[in-house]
Amino acid sequence: MSVELNHTIVHSRDNRESADFLAHILGLRAGEAWGPFVPLQLSNGVTLDFATVPAEAIVMQHYAFLVPEAAFDGILSRIQEAGLTYWADPHGKRPGEINHNDGGRGVYFMDPAGHGMEVITRPYGSGGGTTGES
């Protein structure tokens, strides 16, 4: 039996702002609103459907994105150009740095709704370096 994640709903204070923010950082394009959702289609077919909810209803979630090594520099550049604080670790103890876990590169940052975003170039556990910082 084959099971794949198709979509998930991401709570935000402003669905368009959050979808456009992440789309810009990742070098993608957010879709047109569909009902209460603004979709962001990822290359593996998964869609993040951003929904506007009251701020007090937002519970911080973590979203990790596996990107090609060649895309990482552009993503990091857009994070820096946006003036975002970023970290090499999920606990925020290494600000302004990137990690090299499993021989790749990775960075953490927050989205406008307060969700923890992570971009990595190698899946954790793939070898070639340290592990365990997701």
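Mentor: Let us begin with one side chain: Arg16 is partly exposed, with a relative accessible area of 28%. Buried means under 20% relative accessible area, exposed over 50%, and partly exposed in between, for a 1.4 Å probe and protein chains only. This is a predicted model, in which local features need pLDDT of at least 70 and side-chain atom pairs count only at pLDDT 80 or more, while totals for chains, interfaces and linings use all residues. Residues are numbered from 1 along each chain as its sequence is written, and side-chain values use heavy atoms, with hydrogens and water left out.

Trainee: With which residue does Asp20 form a salt bridge?

Mentor: Side chains of opposite charge can pair when their charged atoms come close. The rule asks for a side-chain nitrogen of Lys or Arg within 4 Å of a carboxyl oxygen of Asp or Glu. Asp20 pairs with Arg16, and their closest N and O atoms are 3.1 Å apart. Both lie in helix α1 (residues 15-26), 4 residues apart, or about one helical turn. Helices (H or I, at least four residues) and strands (E, at least two) are DSSP runs, numbered from the N terminus.

Trainee: Which parts of the chain does the pair Glu69 and Arg105 tie together?

Mentor: The side chains of Glu69 and Arg105 meet in a salt bridge at 2.6 Å, N to O. Glu69 lies in helix α2 and Arg105 in the loop between β5 (86-87) and β6 (106-110), so the pair ties together parts that are 36 residues apart in sequence. Glu69 is partly exposed at 40%, whereas Arg105 is buried at 17%. Glu69, Asp73 and Arg105 are linked in a network of salt bridges.

Trainee: In what order do the strands of the open sheet stand?

Mentor: Two strands pair if DSSP finds at least two bridges between them. Here an open sheet of 3 strands has the order β1-β3-β2, with mixed pairing. β1 (7-12) and β2 (37-41) stand at the edges with a single partner strand each, so one side of each is left without a neighbour in the sheet. β2 and β3 (residues 47-52) pair in the antiparallel sense over 5 bridges, and Val38 stands opposite Phe50 in β3.
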